[in-house]
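Please consult the sequence and the model alongside the text.

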Amino acid sequence: MTGDDPERPPRPGRARPGRRRPLLLAALLGLVGAAGIWLINHERSNPAPAAPPTTTAEPPPVSLTFPEGLRREDMASILRERTRLSPDAYLAATGPSPRGERLAGTSRPTSLEGFLFPATYLVGSLTTVDDLVDAQVAAYRSRVAGVDYRYARSRNLPRYDVLIIASMVEREVQVPSERALVAGVIYNRLRRRMRLDIDATVRYAIGSWTAPITQSDLEIDSRYNTRRFSGLPPGPISNPGLASIRAAAHPRITPYIYFVAREDGTGRHYFATTPDQFDRAVARARRNAAGG
């Protein structure tokens with residue numbers, strides 16, 4: 001249905017005795033600024049006696065930014081480049097777990113993919129991987145608290161399905177005004193029991209956002225491959241931002257059931273309602289790509 005998706009850069013728990021727990025500042029779980037800056041500090045449940053003054057200055061916190069649309073593996077790579085935190089520990093902490101199942105409302109093994117909210121986090125010298133993951137999940141919960149899910153519920157789509165749709169919208173859309181349009185196409189195809197045919201899901205299945213998609217990739221035996229299997233993939237393919245989540249919860253109502261990248265440098269798509277219209281849109285996109 002689509003051309004290759006555009007390249008992208010790529011609960012808070014109760015404190016346990018003896019464990020450093022994050023104290024998320026900025027009005028206690030509040031976000032600062034348009035993109036959101038989460039401050040992660042620490043306090044001990046049983047503070048130790050004050051240490052003698054030292055001349056060693058506390059290193060400043062690291063400003064860690066996760067853009068919208070990344071996978072867990074992409075975020076782990078940023079940790080490797082920017083912090084002392086272990087990327088392997090991060091992947092383990094965000095992998096399939098009972099916490100993921102509770103958040104998704106499912107009984108099958110579920111990772112935290114989709115719930116790791118993209119924002120800027122200030123990581124201090126005492127921050128642990130668990131602290132960071134707790135902050136990301138807390139940010140997700142805080143930001144979606146105001147999302148109106150009534151339309152999605154009227155279409156029998158629970159919040160986790162909305163998050164899955166949002167993750168696809170995030171990977172497919174570059175122009176903000178098209179988010180709700182693409183979400184509407186997904187709703188229309190689900191209602192008609194059509195395959196979604198979204199290339200970004202194939203890319204997630206093969207583990208690369210940028211490698212050319214081959215015919216063997218399109219045939220990969222993965223439930224994330226919406227070129228082969230109908231319905232939604234079993235989980236989110238990225239960690240979407242709030243705008244994509246809102247679009248997925250309340251899509252634009254149109255007759256469109258196809259879209260394809262224009263390939264004209266604008267990042268926009270052509271939308272179509274019939275196979276003939278779609279074929280013409282694909283031909284036009286190919287001419288654009290060829291410079292015609």
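## Basis of the report

The model is predicted, so that local features need pLDDT of at least 70 and side-chain atom pairs count only at pLDDT 80 or more, while totals for chains, interfaces and linings use all residues. Residues are numbered from 1 along each chain as its sequence is written, and side-chain values use heavy atoms, with hydrogens and water left out.

Helices (H or I, at least four residues) and strands (E, at least two) are DSSP runs, numbered from the N terminus.

## Helix α5

Helix α5 comprises the 16 residues 129-144.

Twelve of the 16 residues of α5 are buried, where buried denotes under 20% relative accessible area with a 1.4 Å probe and protein chains only. Among them are Val129, Asp131, Asp134, Tyr140 and Val144.

## Aromatic rings

Rings of Phe, Tyr and Trp (its six-membered ring) pair if their centres lie within 6.5 Å; planes under 30 degrees apart count as stacked, over 60 as edge-to-face and the rest as tilted. Under this rule there are eight aromatic pairs. In one of the pairs, the ring centres of Phe115 and Tyr140 are 5.1 Å apart and the planes stand at 90°, so the arrangement is edge-to-face. Phe115 belongs to the loop between α4 (98-104) and β4 (120-123), whereas Tyr140 lies in helix α5, 25 residues apart. Both Phe115 and Tyr140 are buried.

The rings of Tyr258 and Phe278 are stacked, because their centres are 4.8 Å apart and their planes meet at 20°. Tyr258 is in strand β5 (residues 258-261) and Phe278 in helix α12 (residues 275-289), so this pair ties together parts that are 20 residues apart in sequence. Both Tyr258 and Phe278 are buried.

## Packing of helices

Two packed helices are described by the angle between their axes and the distance between the axes. Axes are lines fitted to C-alpha atoms, for helices over the stretch in contact, and angles run from 0 to 180 degrees between N-to-C directions. Helix α7 (residues 159-172) packs against helix α8 (residues 179-191) at about 125°, with the axes 10 Å apart. The two helices α7 and α8 are therefore oblique; angles under 35 degrees count as roughly parallel, over 145 as roughly antiparallel, 65 to 115 as roughly perpendicular and the rest as oblique.

The axes of α8 and helix α11 (residues 242-249) cross at roughly 40° and come within 8 Å. This makes α8 oblique to α11.

Definitions and conventions:
The expected span of a helix is 1.5 Å times one less than its number of residues. Buried means under 20% relative accessible area, exposed over 50%, partly exposed in between (1.4 Å probe, protein chains only).
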